[in-house]
Amino acid sequence: MNKITKKQKMSFAGLLIAIGIVYGDIGTSPLYVMKSIVTENGGIANVNRELIVGLISLILWTVTLLTTVKYVMIALKATNHGEGGIFSLYALVRKRAKWLVIPALIGGAALLADGTLTPAVTVTTSIEGLKNMRFGDVIPVPSQEVVIMITIIILVILFSIQRMGTSVIGKAFGPIMLVWFTFLGVVGIANLSHDWSLLEAINPIHAIRILFSPANKVGILILGSVFLATTGAEALYSDVGHVGKANIMGSWPYVFVCLSLNYLGQGAWILHNASYHAGNGDLNPFFEVVPSNLRLFAIALATIAAIIASQALITGSFTLVAEASSLKFLPRMNIIYPSTEKGQIYIPSINKMICVVTVAIVFLFRTSHHMEAAYGLAITVTMLMTTILLFEYLGKKGKPLYLRLIFLIAFAFIEGMFLISSLTKFLHGGYVTVLIAGFILAIMYVWFYGNKIRDKREAKNAYVRLDEYTEMLTDLSHCEDYPVYATNVVYMAKVKYNKFIKREMLYSILDKRPKRAKAYWFVTVNVTNEPYTAEYAVNTYGTKNVINVQLYLGFRKQTSVNVYLRQIVHELIADGTIEAQPQRFTTTPGRDVGDFSFVIVNDVISPLTKLTGYEKFMVEARVWLQNLSYNPASWFGLEYADTVVERVPLILGKHQESYIKRIKPKKQTKK
């Protein structure tokens, strides 16, 4: 039984790792949800029983419908080879309609933007609990500036440990998060015991009434704060590949009960402390419900939970980016696999980028209250896009149209209401989320549609049959009219259907300057789902000089093409598949493998390209992104090999040949 199958089974260890990885975001919502609601309604002096019961009812039913029903019960079934998230969902339904790429791009960009806000808001909120707190005669955190400094130090450390992998981190964080949720539940019960009648909030009628009650001073706009209680639902779906859906389904009920008890407990405290005034002016019911002798423990535990909340979004972002690259939404990136699980990945460039943006957000907003204005807007957009894709997924699974329409209308209405309420915070910080999401969306749009335009406009003869040029290549290999370019000339080129290759590869060998070699290698690297696969297949097309090599490497195997190829050449010479390569001059006695020259062909836009203004811009932008983000030598493990990068002009669209007219020499007259 392979690792992937084991991961899908429920186990105590799996449940613990799921609690450590998946629920960080939604599990820290009690830190700021009630605080935001009370602040939006004008402070604790303006609350009454109707308001608290109604808003807690809203929270409980929001989490029930969006997290439990939509994501745990429905979305977790829509996994692609064990992976979840909006891009995996799109991969399942993309053949149903071309326009489905639009919600996938928008939702993915918004979710990646949200990944930069979660670490900032959760860590800042927890550290603010220490502000002006006295320890004897000392106040360690006397100002917001100190809060910011501590927050940034924690965030930098968090991003620095990502290369360890989510398995290691999950095993360390799992027990802590189990303590966290248990703590939430116990504190909640302790406060709820003073007013058990608050359990009437379970009745959804109270949730509907409070939206239109005069006790609610901001009306439907209060949904913007309520929505913060379920922001981690999409991250839960994205992280399924790290722990398996069985472990999420098994652990969620306990997490949900603990969260619900804590919200109820905070509500009970607020009702019994309507005349309370925070000493530092910053009221946070979460910390107030904790007994004073446990306050420091609560802050420390909240800080660790906030770090884990950030972890959930960061690991989810890695998964999203990897899926986006495979779907050609983003350029290829260097991916590291810290463990034997393919779903557990680390992307250095994305880690650095999120770290920089997150720290910048802390500097820009400075307080958690200001950050909450930007928080939640992006995720409502993602949820709406996921609802659209799930509607198509249910259709693919053969569900009746009326059930699919009920699902679409119900969740689109709920999420649409949350989106409208979140948009009211646009000028107060929501614009930052939109800018970040817009930037990511622009990159994905350019890369995806730039590729589409290129493929559509590329000449029909862009690909040729390699087996039709084997005789010519063999003749060149033995032609003494040309100097030897290298013993082995290697092209990193994807050979389609074992015979079709881009014309530019052969143009590089035959037309630019004939490259004479003992052997011409065309190498395709295929990454497998197993961690340590190391296999290869060859096709020589009946020759001893032209070799198509298909490398099959596990996702954890280092892509050192030059190392593997040297072994392959030795084996093929030994069994007579290719010609011998005796070395007269060498420091290695008995060496029978010659030198290598690796050629990587990159595209540049030719001046002869004839496209419309929009199409030309998209293709040029796509090529610019490729050159900016893609280091082919590094990708193939050829940093220390003899590597040549050739730029071949890319001619797209119809073009007319340019002619110049010949005339007789003009007579020059003396001035």
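## Positive phi in loops

Tyr541 sits in the loop between β5 (534–539) and β6 (546–554). Phi of Tyr541 is positive, about 55°, although Tyr541 is not a glycine. Lys328 lies in the loop between α16 and α17. Lys328 is likewise a residue other than glycine, with a positive phi near 65°. Helices (H or I, at least four residues) and strands (E, at least two) are DSSP runs, numbered from the N terminus.

This is a predicted model: local features need pLDDT of at least 70, side-chain atom pairs count only at pLDDT 80 or more, and totals for chains, interfaces and linings use all residues. Residues are numbered from 1 along each chain as its sequence is written, and side-chain values use heavy atoms, with hydrogens and water left out.

## Helix α8 against α17

Helix α8 (residues 144–160) and helix α17 (residues 348–365) have axes that come within 10 Å and cross at roughly 170°. Axes are lines fitted to C-alpha atoms, for helices over the stretch in contact, and angles run from 0 to 180 degrees between N-to-C directions. α8 and α17 are therefore roughly antiparallel to each other (angles over 145 degrees count as such).

From α8, Ile148, Thr151, Ile152, Leu155 and Phe159 make contact (heavy atoms within 4.5 Å) with α17. The α17 side supplies Asn351, Ile354, Cys355, Thr358, Val359, Val362 and Phe363. The contact of α8 with α17 has nine nonpolar, three polar and no charged residues. Ala, Val, Leu, Ile, Met, Phe, Trp, Tyr, Cys and Pro count as nonpolar, Asp, Glu, Lys and Arg as charged, and the others, Gly among them, as polar.

## Helix α7 against α19

The axes of helix α7 (residues 101–128) and helix α19 (residues 377–396) come within 8 Å, crossing at roughly 150°. Residues of α7 in the contact include Pro103, Ala104, Gly107 and Asp114. Among their partners in α19 are Ala378, Val381, Thr382 and Met385. By class, the contact of α7 with α19 holds 11 nonpolar, two polar and one charged residues.

## The cavity

One cavity of 30 Å³ or more turns up in a search of the whole structure. A cavity is a set of points, on a 1 Å grid over the protein atoms alone, where a 1.4 Å probe fits but cannot get out; lining residues have an atom within 4 Å of a point. The largest cavity holds about 40 Å³ of space, the volume being the space filled by probe spheres set on the points, which are joined across faces, edges and corners.

Its lining consists of Leu111, Ala235, Ser238, Ala312, Leu313, Gly316, Ser317 and Leu320. α12 (233–238) and α16 (295–326) each give two or more residues to that lining. α16 gives the most, with five. The lining has five nonpolar, three polar and no charged residues.

How values were computed
1 Å grid on protein atoms, 1.4 Å probe; cavity = no way out; pocket = protein on both sides within 12 Å on 5 of 7 lines; lining within 4 Å. Parallel < 35°, antiparallel > 145°, perpendicular 65-115°, else oblique.
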